[in-house]
Amino acid sequence: MNLIIRLFVTAIVAYLLTKILPGVHFEGFSTAIIFAIVLGVLNIFVKPILSLFGLPLTIITLGFFALVINAAIIMLADYFIDSMVVDGFWWAFIFSILLSIVTSLANSMFSDGD
């Protein structure tokens, strides 16, 4: 049940962010739900591989490169979802930072403390 709540929170936050950021577009809320699912799958399977290969750069840049990996995951999700458009890397970068911050805050509000 916790997974479904987290996916739904991510979908809501992503959808609301597309209303604020002019460089990221969803066709509708159903696209946001698909995005949350695809993002979850990419974070499980692709992000660890990118993080492993990018570890030296992440260490050299004191963690900044991890933000670049997050933006790359957003761009990869854009590639897989036809009804999602990201206008460029920097929009993906900004979107990934805001998505991380807001979903962390929202998930902490909905967590049951265990």
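Modeller: Let's start at Ser 96, which lies in helix α6 (residues 89-110); helices here are DSSP runs (H or I, at least four residues), numbered from the N terminus. Bear in mind that this is a predicted model, where local features need pLDDT of at least 70 and side-chain atom pairs count only at pLDDT 80 or more, while totals for chains, interfaces and linings use all residues. Residues are numbered from 1 along each chain as its sequence is written, and side-chain values use heavy atoms, with hydrogens and water left out.

Ser 96 has a relative accessible area of 4%, so it is buried (under 20%; exposed is over 50%, partly exposed in between, with a 1.4 Å probe and protein chains only). What's around it? Setting aside neighbours within four places in sequence, Ser 96 is in contact with Leu 67, Asn 70, Ala 71 and Ile 74 (contact being heavy atoms within 4.5 Å).

Ile 74 turns up again where α5 (64-80) meets α2: on the α5 side, that contact uses Ile 73, Ile 74, Leu 76, Ala 77 and Phe 80, and on the α2 side Phe 35, Val 38, Leu 39, Leu 42 and Asn 43. The axes of α2 and α5 come within 10 Å and cross at roughly 125° (lines fitted to C-alpha atoms over the stretch in contact, angles running from 0 to 180 degrees between N-to-C directions). That makes α2 oblique to α5 (under 35 degrees is roughly parallel, over 145 roughly antiparallel, 65 to 115 roughly perpendicular, the rest oblique).

Helix α2 (residues 29-45) also packs with α1 (residues 2-20): their axes come within 8 Å and cross at roughly 125°. So α1 is oblique to α2. From α1, the contact draws on Leu 7, Phe 8, Thr 10, Ala 11, Ile 12, Ala 14 and Tyr 15; from α2, on Phe 29, Ala 32, Ile 33, Phe 35, Ala 36, Ile 37 and Leu 39.

One last stop is Leu 62, in the loop between α4 (55-60) and α5. Leu 62 has a positive phi of about 55° although it is not a glycine, and at 80% relative accessibility it counts as exposed.

Definitions and conventions: Helices (H or I, at least four residues) and strands (E, at least two) are DSSP runs, numbered from the N terminus.
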